[in-house]
Amino acid sequence: MPGPDTVFFLSDYGTADEFVGVVHAVIARHAPSARVIDLGHGVAPFDVGAGATMLERAVDHLGPGVVLAVVDPGVGGSRRSVALESARRDGPRWFVGPDNGLLVGAVERRGGVALAVELERPATPSTFDGRDVLAPAAAALCNGRPLDALGSAVDQASLTRLPRPRMFEVGSPGRAAIVSEVSWVDRFGNVQLAALPGYIPDALSVQTVRVVHSRTGAVLMDPMPVRRVGAFSELALGELGLLEDANGHLALVLKEGSAAERLAVGRGSDIELAGRSDQPPFLGPHGYDPR
Amino acid sequence: MPGPDTVFFLSDYGTADEFVGVVHAVIARHAPSARVIDLGHGVAPFDVGAGATMLERAVDHLGPGVVLAVVDPGVGGSRRSVALESARRDGPRWFVGPDNGLLVGAVERRGGVALAVELERPATPSTFDGRDVLAPAAAALCNGRPLDALGSAVDQASLTRLPRPRMFEVGSPGRAAIVSEVSWVDRFGNVQLAALPGYIPDALSVQTVRVVHSRTGAVLMDPMPVRRVGAFSELALGELGLLEDANGHLALVLKEGSAAERLAVGRGSDIELAGRSDQPPFLGPHGYDPR
Amino acid sequence: MPGPDTVFFLSDYGTADEFVGVVHAVIARHAPSARVIDLGHGVAPFDVGAGATMLERAVDHLGPGVVLAVVDPGVGGSRRSVALESARRDGPRWFVGPDNGLLVGAVERRGGVALAVELERPATPSTFDGRDVLAPAAAALCNGRPLDALGSAVDQASLTRLPRPRMFEVGSPGRAAIVSEVSWVDRFGNVQLAALPGYIPDALSVQTVRVVHSRTGAVLMDPMPVRRVGAFSELALGELGLLEDANGHLALVLKEGSAAERLAVGRGSDIELAGRSDQPPFLGPHGYDPR
């Protein structure tokens, strides 16, 4: 059975070195008719969580193919290289990369892991598994090689998972708030929150935003007004807005400006969205307040 | 009738996010046999003029295909998404993007707009029209779908056009000069002017260059000597040259150095090229001096 | 005879301009079925040595095809454009670029130059030979055009070669050391030396590293301890290691950190690796000490 013809490739290799090009070349050599679509190589070095977040955002838009992802601080060490099969048949069916949490979130978005194998380790440890182990595995899948021929099955429960993003509710009489981790700041300075719109209780009409310390909960700035909108165009220039972004997440945005700069936040910061509420103070679904 | 097999893609998406990769994936999903050639994604965020300039420079070198361009500060608002057909049959025949001036200059370089349609608006406004509206339209054209099936025709005169670049002549007895806006500074620091070589009157032998304020005309530096040359190789190291560049524009260059740094200019600065002239002072073809 | 279907493209064009995209478009126009794999365009402007180093590292991993490389401070001048044929039939057989030392090292890694031709010069000098001369030549080779139809043969001995990297041994009774130029610093801060592991004498057990001035030999820092390891995983966080990297070179590395930052070195710096030796002081195979 022929395999897919597309490899979707994401890494933290950057573009100053020849790493990305060499991986393309290796795939072309092993699977000449496969094409490679770069999902991005600008992930901060070793930032596994950032790579996982990018994959989760992208995965629903990908057609049939193999996802090859490499953000790999443990290269050459004891961490496993894995290939995962998603439970869904549309979209990308296979995911190849290190077993460090980079892949699992995206696969779970696609129906979960149907099968997982550990790729064979190279005889001598390499500092470039992307070239020597992972790209050949992705190419083999394009060539129709079955997943279980690439290595031995591993228990899905043993796969490394990343911690869930911080997200919780806080409140006091007449005031309610949610706190959410910032999952991404994009090139335009839009601040994507880990929280989805449904995480805001119906009773909470968001009026202000402030940044809080992600460990202590200490307030890092005075509250700023924010307005819930459906599109950028509803905002005045310089007005801070809260909208549902193209990935279905809550995002803080500024029309033709950088909300991240305005708020002085980055990936991993914690944001509090607060407003009046006629409901009694509540503790949210996560049922905890780490502060 | 089959459509073209190539999409030429330009945007201000940058490469730190997965936006470019997702657009590639969407095109691959809708038009599996199309290939995508990236014309560049480093346009400064929201700089429609820069994107238009890049397209105008590139367009004569493109083969058959669809140009997909996205620099779109008004995404999700009232601005239209359009697909334009060029009057010429060689080169790229279709241009897809926002109706904000990004596309028209390039199409006019290719014989003008033969047909323009407004793409159907998405039911809910999106912050990612590149993925949700424009890429599917480009893919549809690759699949042979006729332009007028993508939306309703619009009057070409209604298309948004960018202001023409500043360019005018100034002079006093015995001295003549032209002023031109800087249209681009490339990676090597070459300073491309909006002016073409033919814009310099025959009677004007350029000897000096200086930077002038683009609104007030105030002189921002002492004049520097500059020499008209045919190639970099005619220059000594450190010598400022004026040549016709690979796009047919006048450009200020420094051999193995950055003319932009030397002159402290960027895109949008105004440059005055002056020299002796035996002709009486003149007002040039544009017939105006905004200062 | 059909030519190869892949062009491997490396340049110092960067990604802020449309240069790379236009070269892709020109290749697509001349050789519609060729694909282009980007080896990287982040070479520092005009740094021919950096481009050559990237090519040498990449070349063994490339399949059949044409290497197109452009780092070209002399564009438009008297330097020749050349196309070289490698003596080996596997891997990339042709190399197209300026005759300034960029290509020869990679071709010599592939069995040496079997044939060299000078490409025809354009009638008027261009500032964009990559688009106007080199890309069309690469495309012609993809179209099966024989090398000797692209220009006139030139003597291989006349090809420009880069100087060999600095590398030598130094020593005093009971202490031995090698000095090697830094050939690359990658995105992760790994410091690749020009020296291969075999360059370290058996009698020398490396214990310390220091940076020396590349012209005077003056010592620029106190020696730092370094440990020879087989993989990143053997290092403690913050410990400096010396390993054989994925290109077979010696490299100084820091686990999940930047060795280049720690040592404050870049490409072209000189590194001394020293240790105890029971052998008498020696002068190494290069037999010279430039200091």
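## Salt bridges between chains A and B

How many salt bridges does the rule find across the interface of chain A and chain B? The count is 1. Bear in mind that this is a predicted model. The bridge pairs the side chains of E18(B) and R57(A), with N to O at 2.6 Å.

## What chain A brings to chain B

On the chain A side, β2 (35-40), α2 (48-58) and β9 (175-185) each put in at least two of the residues that touch chain B. The largest share belongs to β2(A), with 4 residues. Sorted by class, the side of chain A that touches chain B holds 13 nonpolar, 7 polar and 7 charged residues.

In residue terms, 27 residues of chain A are in contact with 31 residues of chain B. The two chains bury about 2300 Å² between them, and carbon and sulfur atoms account for 60% of that. Within chain A, the residues that lose the most area to chain B are H61(A), R187(A) and F188(A), which together make up 31% of what that side buries.

## How the copies are arranged

Now for the symmetry. In general, a rotation about an axis and a shift along it relate two copies of a chain.

Chain A goes onto chain B with a turn of 120°, a shift of 0.0 Å along the axis and an RMSD of 0.0 Å. Here too the copies use different surfaces, with 4% of the contact residues of chain A recurring in chain B.

## A look at D72(A)

Where does D72(A) sit in chain A? You'll find D72(A) in the loop between β3 (65-70) and β4 (81-86). Is D72(A) buried or exposed? Its relative accessible area is 8%, so D72(A) is buried, the cut-off being under 20%.

As for its neighbours, D72(A) touches D12(A), R79(A), P98(A) and N100(A), leaving aside residues up to four places away in sequence. With one of these, R79(A), the side chain of D72(A) makes a polar contact of 2.4 Å to the partner side chain.

How values were computed:
Residues are numbered from 1 along each chain as its sequence is written. Chains are lettered from A and ligands numbered from 1 in the order in which they are written. This is a predicted model: local features need pLDDT of at least 70, side-chain atom pairs count only at pLDDT 80 or more; totals for chains, interfaces and linings use all residues. Side-chain values use heavy atoms; hydrogens and water are left out. Copies are superposed by least squares on the C-alpha atoms of residues with pLDDT of at least 70 in both. Contact means heavy atoms within 4.5 Å. Buried area is the accessible area (1.4 Å probe) that two parts lose on being put together, summed over both. A salt bridge is a side-chain nitrogen of Lys or Arg within 4 Å of a carboxyl oxygen of Asp or Glu. Ala, Val, Leu, Ile, Met, Phe, Trp, Tyr, Cys and Pro count as nonpolar, Asp, Glu, Lys and Arg as charged, and the others, Gly among them, as polar. Buried means under 20% relative accessible area, exposed over 50%, partly exposed in between (1.4 Å probe, protein chains only). A polar contact is a pair of N or O atoms within 3.5 Å; within protein, one must be able to donate a hydrogen and the other to accept it, and residues adjacent in sequence count only if both atoms are side-chain atoms.
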